[in-house]
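Let's take a walk through a protein model together. Keep the picture open beside you and look up each part as we reach it.

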Amino acid sequence: MRRVPWPWLGLLLLTLATSAIGSADKMIPMPPDHAYAALKPGPGVEVTRQQCVSCHSTDYIVMQPRGDAKQWDGVVTKMIKVFGAPVNDQDAKTIVEYLATQYGN
Amino acid sequence: MSDLSRRDAVKAIARFGALVAAGGVVRPGTSALAQDDPVLAGRPLVRYPEKTDLILLTSRPPQLETPMEYFDRAITPNEAFFVRYHVFPIPLEVDLATWRLRVTGRVDRPLELSLDDLKTRFPRAAVTAVNQCSGNSRGRFSPRVLGGQWGDGAMGNAEWVGARLKDILAAAGVRQGAVQATFDGLDRPAFPSVPDFVKSLDIARIMDDQDILVAYQMNGAPLPMLNGYPARLVVPGWYATYWVKNLSEIEVVDGTFEKFWMRPGYRIPDNACGCVTPGTAPARTVPINRMTVRSFIASPRPGTRVAAGRPITLKGIAFDGGYGIQEVQISTDGGAVWRRADLGADLGRYSFREWSTAWTPRQPGPARVLVRAFNRIGESQGREALWNPAGYLRNVIEHLDLQVG
């Protein structure tokens, strides 16, 4: 089998890459969630992560002022009532307890 | 790194490692900038597509803030311009062959405009204007408030070029009795229950303001995707919440639009200061609107050591909600005596106004420089920060702390 000269191979790859992009005039990748905002370990952390990260990265949580259960209950209720987060009552309770413990004042 | 303490150096290295692990890019040596500021402490510098190193507030939806170093000049580079999205997923791809700006609702002739249509069917208009997030500096509120804990970098100034919104609405023919137009972008929430980011402006206001644009150019280039490619609304003088990015639909409506992002979102107390006693709730609110007067010292950076008896140059920017900056003043004695700084070129009443002044520190030890601005109707900045529960409208007198000797 004859070897393909590398400039042609390069051109072929470029063509493939371009066709994969399709007809978009601008396309950007979405960087992954940054590790600096990882949730603290503790009871309820998995439920909290699962329920929250479907809509936003965890920096939305860790940057907030520390607060008691009342503050975090207000936040979780807002996510459910205003933003329509599909979180059941049991999980909501777990999340509030986790946040008030790990991000309490 | 010479001015970094050992502990800071260790932290900076740890942060660099975390960034590399997360696939981010960092400019080593500058990660110390955030250390000086309690609001920015611990936040990494990240490089998103088409952007340079910016301070990460949130990854998704992305919120990135501009380091203060960029505010020693009037124009903020596109790659350094802050980013703020509300809902996820955000648009990552635009195909101009299919992208259209639709104008619908209470109009005689609904429109579907391509980018070429925007450029060729309407006169080209330009305005240099500040785009500042309503919650810029929210992290400095005391008592603290919930929300994006921004430092001071959720602002930028650019020359915007586009079609006038009033010309587009005139082409569509707004019907008698229409009250508002709503603006929607390509960002669509993952769940239908999440309120889509839609904003509104009064028709009367739009038709009376030739500087409101659908902008397709920013500082002479197409908009970065994260700043609204291919076109965004530009509402000079008003907070960035109205400057809808990746604009795709304008709907003319009969009443006042009051979905989530107009009510209860983005409201301020209905009084002259937009403020209430800290920790209390306002009785009545209105949609946030015109920006308050602000001024910043961008150079030198806080904590810089300067020699006694040798002049240094203080530099920064000032802006307001569209009357234009009249004067910038500096005080080096805690606000007893104020003296006028030199103003840079006037790029229009909606733009950042550069200012600079020479100052010779005399006393060795810590020194504090205050800055305040006045606009053309005499509005200025206060010594005590005003407070409201959403953390909007911050415009307290800013300061810079230096070490002399």
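What follows goes from one chain, to the contact between chains, to the other chain.

First, some ground rules. This is a predicted model, in which local features need pLDDT of at least 70 and side-chain atom pairs count only at pLDDT 80 or more, while totals for chains, interfaces and linings use all residues. Residues are numbered from 1 along each chain as its sequence is written, and chains are lettered from A and ligands numbered from 1 in the order in which they are written.

Start with chain A. Its secondary structure amounts to 5 helices and 1 strand, and from the N terminus the order is α-β-α-α-α-α. (Helices, H or I with at least four residues, and strands, E with at least two, are DSSP runs numbered from the N terminus.) Of the 105 residues in chain A, 23% are buried. Buried here means that 20 or more other C-beta atoms lie within 10 Å of a residue's own, exposed means 12 or fewer, and partly exposed is in between, with C-beta atoms placed from the backbone.

Now zoom in on helix 2 of chain A, residues 45–52. Which of its residues are buried? They are T48(A), Q51(A) and C52(A). Looking down the axis of helix 2 of chain A, you'd find these buried residues within an arc of 90°, so they line one face of the helix. (The arc is that of the directions from the helix axis to the C-beta atoms.) On the face turned away from the buried side of helix 2 of chain A sit the exposed residues E46(A) and Q50(A). The buried residues of helix 2 pack against helix 3 (59–62) and helix 5 (89–102) of chain A.

Next, see where the chains meet. Chain A brings 28 residues to the contact and chain B brings 35; two residues are in contact if their C-beta atoms, placed from the backbone, lie within 7 Å. Strand 1 (26–27) and helix 3 of chain A each supply at least two residues of chain A's side. Strand 1 of chain A also runs antiparallel to strand 5 (residues 93–94) of chain B, joined to it by 2 bridges. One bridge partner to look for is E93(B), which goes with M27(A).

Over in chain B, find the open sheet of 4 strands, with antiparallel pairing in the order 8-9-12-13. (Strands pair if DSSP finds at least two bridges between them.) Its edge strands are strand 8 (124–132) and strand 13 (232–234) of chain B, each pairing on one side only. Strand 8 and strand 9 (residues 155–164) of chain B are linked over 9 bridges, and in strand 9 of chain B, M155(B) is the bridge partner of Q132(B).

Finally, what about the core? The largest nonpolar core holds 117 residues, and those touching the most other members are L64(B), L213(B), V214(B), L233(B) and V234(B). (Such a core is a set of buried Ala, Val, Leu, Ile, Met, Phe, Trp, Tyr and Cys residues joined through C-beta atoms within 7 Å.) Strand 12 (residues 213–218) of chain B gives this core its largest share, 5 residues. As for L64(B), its contacts include V46(B), Y48(B), F82(B) and V83(B), leaving out residues up to four places away in sequence. In soluble globular proteins, nonpolar side chains tend to be buried together.
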